[in-house]
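Hi,

Here is the structure I said I would pass on. Have a look at it in your viewer first, then read on for my notes.

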Amino acid sequence: QGRNFWAAMAHGDFDEEEEEEREKQWIFTAEQLAKAREAAKDQAAQVLRTAATAGAIEGTPGTTRASREAPRPLTMEEGVRLATFYAQKLPELCDLCGAPPDVRWTAVVFFRRFFAVRSPMEYEPLAIMFACVHLACKVEEVHEITLDKLFEAADFGSDEALKSKVLSLELPLLEGVRFVLQVEPKPDAALRMLSDELQHLLTQSPTHNHTAAISGLTEAAWQEVLARAETLVVELSIRTDAILCQPVSILIVAALSTSLDMQDGRPQKHVVDEFAGSDAHGFSDTLVTLLEGNLETEAQRSGVKGLIQGVIEHIHQMESECEVTQESLKEVAKIARRCHRTFERQRELATERHEAHRKERKRRWRDMKEPARSLLPAPLWRDLMNLNSRREDTAQAATDHNEGVLSADATDEFIIRRPPDMDDDAEA
């Protein structure tokens, strides 16, 4: 990472190297994320308008003018809420098929990254949800969860149309996530490592304020803390844009800090207010010390603390926000289905055009070879074929003769013979 990457993250001031690091990690500023979503929405809306115009010009039989009009484009907020609803369902799908935590996390990240740069008007979120889990199983090498098993677990086993659609979406999904398939760090492994480091640090510093509180935690209590922290990371990534605007390590530290503070019996609002103060001594402050070995300046340390504070505030706000429900998306879902049908028809037309072009190229290639034969008279062409056949027969006979000669001389193969003149000299 850039030398002042963490400080730049806190203040939003990046040089060229730091900007490249952000793009590599899929980290947007709020402004960049809004622009990416707006660009995807505008592109989808333009395709819908073009399709409607083409349909009106072609005068498709059996359709009315109203039915050929472009569906109303979803607003930015409607698109985000629609994608968020299916993101909420993604962990449930993973639980149904028995996917491990690594698959669940990778699938969530794929889903959020995809819809940061693609519109839910263009791609059906339900199909993308299945495609993300299916791709995550491949990436994490969980080969026992096939697409068939995934559909059976979700009670979609008989929906062959959806299965075909999911298979066709793998390449668009890969393109959407820019073929960045490695998703690290994983929350479960990172949280275990961080908890071990935290316990070791407090053992080495027995005078720390929270040594007694942590040393009193049983193994079962630690497992509860880590499970709650992992749930917080996943919920943050699904219900907020934190996964697109902050490094995963910051989310993990903030989630573990909040989980420990909750285990200590302190309300979250108190945690946020305490951490925001200049004399903060919460678990967050303790966890930041674990990162100081990789932070060179006070600006970087201050930047990291600011990022963690911001994520803790998101966690507190998330507690008071309701999840997106299916009931609240009824009208949005109707509009989205019209958009999806239009895009599916456009893809079918594109496939038909591609197939027609392929057949046309094949026909032209065949036509290019035919004139070479048709230029020769039929009798001459037959004589040439006969000549080639006789040459092949002659070559085969010569080969058989040579093999016979070699076989006859095989017994003399290793005899060294003197030239005739040497024999004459010996007789003389």
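Below is what I found, going from the whole chain to single residues.

Before anything else, keep in mind that this is a predicted model.

**The chain as a whole**

The fold is helical: the secondary structure comes to 20 helices and 0 strands. The chain has 428 residues, and 39% of them count as buried. If you take the contacts between residues at least 6 apart in sequence, 76% join residues at least 24 apart.

Helix α12 covers residues 219–239, and its 21 residues should span 30 Å at 1.5 Å a residue; the end C-alpha atoms are 30 Å apart, so the two values agree. Its buried residues are Ala221, Trp222, Val225, Leu226, Ala229, Glu230, Leu232, Val233, Val234, Leu236, Ser237 and Ile238.

Helix α17 (residues 298–319) has 22 residues and reaches 32 Å from its first C-alpha to its last, close to the 32 Å expected. Buried in α17 are Gln300, Gly303, Val304, Leu307, Ile308, Val311, Ile312, Ile315 and Met318. As background for reading such lists, an α-helix has 3.6 residues a turn, so residues three or four places apart point the same way.

**How α5 packs against its partners**

Helix α5 (residues 101–117) is in two of the pairs I looked at, with α12 and with α4.

Take α12 to begin with. The axes of α5 and α12 come within 10 Å and cross at roughly 20°. An angle under 35 degrees counts as roughly parallel, so α5 is roughly parallel to α12. The crossing of this pair is left-handed. On the α5 side the contact is made by Pro101, Arg104, Trp105, Val108 and Arg112, and on the α12 side by Glu230, Val233, Val234, Ser237 and Ile238.

Now α4, which runs over residues 76–97. Its axis and that of α5 are 10 Å apart, at an angle of about 165°. That makes α4 roughly antiparallel to α5. The crossing of α4 and α5 is right-handed. Here α4 contributes Ala83, Tyr86, Ala87, Leu90, Pro91 and Cys94, while α5 contributes Arg104, Ala107, Val108, Phe111, Arg112 and Phe115.

Which residues does Ser259 contact, leaving aside its neighbours within four places in sequence? They are Val225, Arg228, Ala229 and Leu232. Ser259 itself is found in helix α14 (residues 248–263), and at 0% relative accessibility it counts as buried.

The other one is Ser195, in helix α10. Ser195 is buried too, with a relative accessible area of 3%. Not counting residues up to four places away in sequence, Ser195 touches Trp222, Leu226 and Leu256. Ser195 and Val225 are 30 residues apart in sequence, and their C-alpha atoms are 9.5 Å apart in space.

**Cysteines**

How many disulfides are there? The count comes to 0 disulfides. Cys97, for one, is in no disulfide: the nearest cysteine sulfur, that of Cys94, is 5.5 Å away, whereas a disulfide needs the two sulfur atoms within 2.5 Å. Cys97 counts as buried because its relative accessibility is 5%, under the 20% cut-off.

**Backbone points to check**

Most residues other than glycine have a negative phi, and most peptide bonds are trans.

- The peptide bond from Glu184 to Pro185 is cis, with omega near -5°. Pro185 sits in the loop between α9 (170–176) and α10 (187–204).
- Glu141 is not a glycine, yet has a positive phi of about 60°. Glu141 is in the loop between α6 (125–139) and α7 (147–153), and at 60% relative accessibility it counts as exposed.
- Asp155 also has a positive phi, near 65°. The loop between α7 and α8 (160–168) holds Asp155, which counts as exposed at 71% relative accessibility.

Cheers

Technical notes:
Residues are numbered from 1 along each chain as its sequence is written. This is a predicted model: local features need pLDDT of at least 70, side-chain atom pairs count only at pLDDT 80 or more; totals for chains, interfaces and linings use all residues. Side-chain values use heavy atoms; hydrogens and water are left out. Buried means under 20% relative accessible area, exposed over 50%, partly exposed in between (1.4 Å probe, protein chains only). Helices (H or I, at least four residues) and strands (E, at least two) are DSSP runs, numbered from the N terminus. Contact means heavy atoms within 4.5 Å. The expected span of a helix is 1.5 Å times one less than its number of residues. Axes are lines fitted to C-alpha atoms, for helices over the stretch in contact, and angles run from 0 to 180 degrees between N-to-C directions. Angles under 35 degrees count as roughly parallel, over 145 as roughly antiparallel, 65 to 115 as roughly perpendicular and the rest as oblique. A crossing is left-handed if the near helix is turned anticlockwise from the far one by less than a right angle, and right-handed if clockwise.
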